[in-house]
Amino acid sequence: MVAPSFVSSCDSDDISVGNLFAEKNELILQLRKVAFRDKFDFKNARSTTTRFEAHCCSESCKWRIRATRCSNEQNVPWVVKRIDNVHTCHNEILVDGRHQVRSRVVGHIIVEKYIQDKRIYTPNDIRADMQQEYGVHLTYQQAYRAREVGLEIVRGNPAESYNLLPKYSHVLTTANEGTVTHLEQDGDGNFLYYFVALGSSIKGFMQYIRPVIVVDGTHLKGLYRGNMFVAICLDGNNQLYPLAIGIMDSENNDAWEWFMMKLHGVIGDRPELVIISDQCTAIRRAVLKVFDNATHGVCFYHVKCNIKSQFRMSKALWDEFEPAFINAAKAYGHEEFKRQLEGLWMIHSGAADYLENNVGMCNWTRSQFEGRRYNILTTNIAESVNAFMREPRKFPVTHLVDHFRKTLQQWFYDRKIVAESMTTRLTTWADEIVTERRTIAERMIVRPVSPHRFQVVSGGLKEGLVDLQKRTCSCRVFQLDQLVCAHAIAACLTHRVDFINLCSDFYTTESLAMAYAQPAEPVGDVAYWEVPDEIQEMQVYPPVEAPPPGRRKELRIPSAGEDVDRRTVRCGRCHELGHNRKRCKNPIASTRS
């Protein structure tokens, strides 16, 4: 026997005799789509549990359709028995108010526009397309509701998406070896937290990625709001390397502690581990409580923003303070840092005292930090993840997590190919830095002190004392970045030592290729998932807090002291910038003769 072919509700083909429909609503929806496309209207003549009949709204028209099913049991399909598909009327224009101009119908028509996750298709775009292609004028609310219908068809229902998480987690961990997922619910089965780290990311991080993790949180824009936590690293080519994400009902101390516990369960107490965040006390408390051997650092950009908002310096004073602060944060040597710090005390003693006694110099500076931050001094890489997830943060929770997996799938594939095609021993990014330093090193003078120690002098740079055996230099660039500095390269060139071998393995093309060696596998279509009965029976309800009324906010509130691009105001009276007509105090020349 050949299985019956059901007509999909998303199919736009004409209806013909013999078509099967699983539900009567699907038949009616398909009929509405055809009527919408062909610009005619119809009325239901008869609608029972076993019979459906409709005819054209024009009484003189002979267009008819009849569908039946032999019984009203659940699995019995509807069959189109008769359709007179020729119109004898002249309904050529579908005007406002007709039955087929419905959000559900339009939503099914535009569903293909939302198959690509990054596609932005606004209600006004829908209105313009419907007007151009079908001659139908939609109100903004009709277009907005149609957009919501189309998004739900592609991405699923927001409430049902939470219930899909256990099944998705099972399929994800089965397809991707080493993947770790955790789902936390309250006593009533409502969603609290979710954590996922792909096995390919875990394996790459533990062996081939610098042990520096940047964590941050951002708000979600879906129906049930919530927050997304990210743990992100940088690979040897200075590219984003996502390690884990978490979906939380809210951002608080308990949520961050739970996230850190699950992250610790994945990576353990890795030697020389550094975790960097903003000045959020909940993150610092969770890191110190969960990770015994890790060092916590603070993003110096957030420290700068807090200083700007707290001390309210004049523009002239801030223009003097800001570069001195950045130089102090980025300084490698202790002497250079002390010199910049003295300048901060001279510019603004209150801000300098805040940095020294409230923030702590060991938290935001490279030179005073107790661990090794490499070149990662801010949380910009986490902000970059939040930025490229800006649109996906509107998705239902399961679709959001799978978008994260899809991103890693593409990145791991592309970057492995790029890494294997590199002809240099170091990655492209590291090789460019070392090549630039070599150009400087060729003009330096090297004086040996011992078989492994050298004094390196240059007119442009400060003198450096290099120890090739310990891989250190007095400038501290060598040991903090784990890339050879110009002084070390000069010593290697003079004594014919391969300076590439002195760089950390994290920067080699071999490590880069191995970091992306294990691909991120897809999970397939939900219709083909094989899930055990105990997981199939699990129920996960949406968060307890009900969605607030009104349109959901998509733009976050800028942090205190954050630079925001604002629209420049021009006065309509004097036409100068910086104020409006109401606040204008400039004299206006008289036009009277």
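So, His302: at 18% relative accessibility it counts as buried, where buried means under 20% relative accessible area, with a 1.4 Å probe and protein chains only. His302 sits in helix H9; helices here are DSSP runs of H or I, at least four residues, strands are E runs of at least two, and both are numbered from the N terminus. Leaving out residues up to four places away in sequence, His302 touches Asp278, Gln279, Thr379 and Glu383, contact being heavy atoms within 4.5 Å.

Quick caveat: this is a predicted model, where local features need pLDDT of at least 70 and side-chain atom pairs count only at pLDDT 80 or more, while totals for chains, interfaces and linings use all residues. Residues are numbered from 1 along each chain as its sequence is written, and side-chain values use heavy atoms, with hydrogens and water left out.

Okay, on to helix H12, residues 349–359. Which residues of H12 are buried? Ala351, Ala352, Tyr354, Leu355 and Val359.

E2 (42–47) and E3 (51–56) pair antiparallel over 5 bridges; pairing requires at least two DSSP bridges between the strands. A hairpin of 3 residues joins E2 to E3, and Lys43 has His55 in E3 as its bridge partner. E3 also pairs antiparallel with E4 (64–68), over 5 bridges, with Arg51 opposite Thr68 in E4.

Conventions
Buried < 20%, exposed > 50% of the residue type's maximum accessible area, 1.4 Å probe, protein only.
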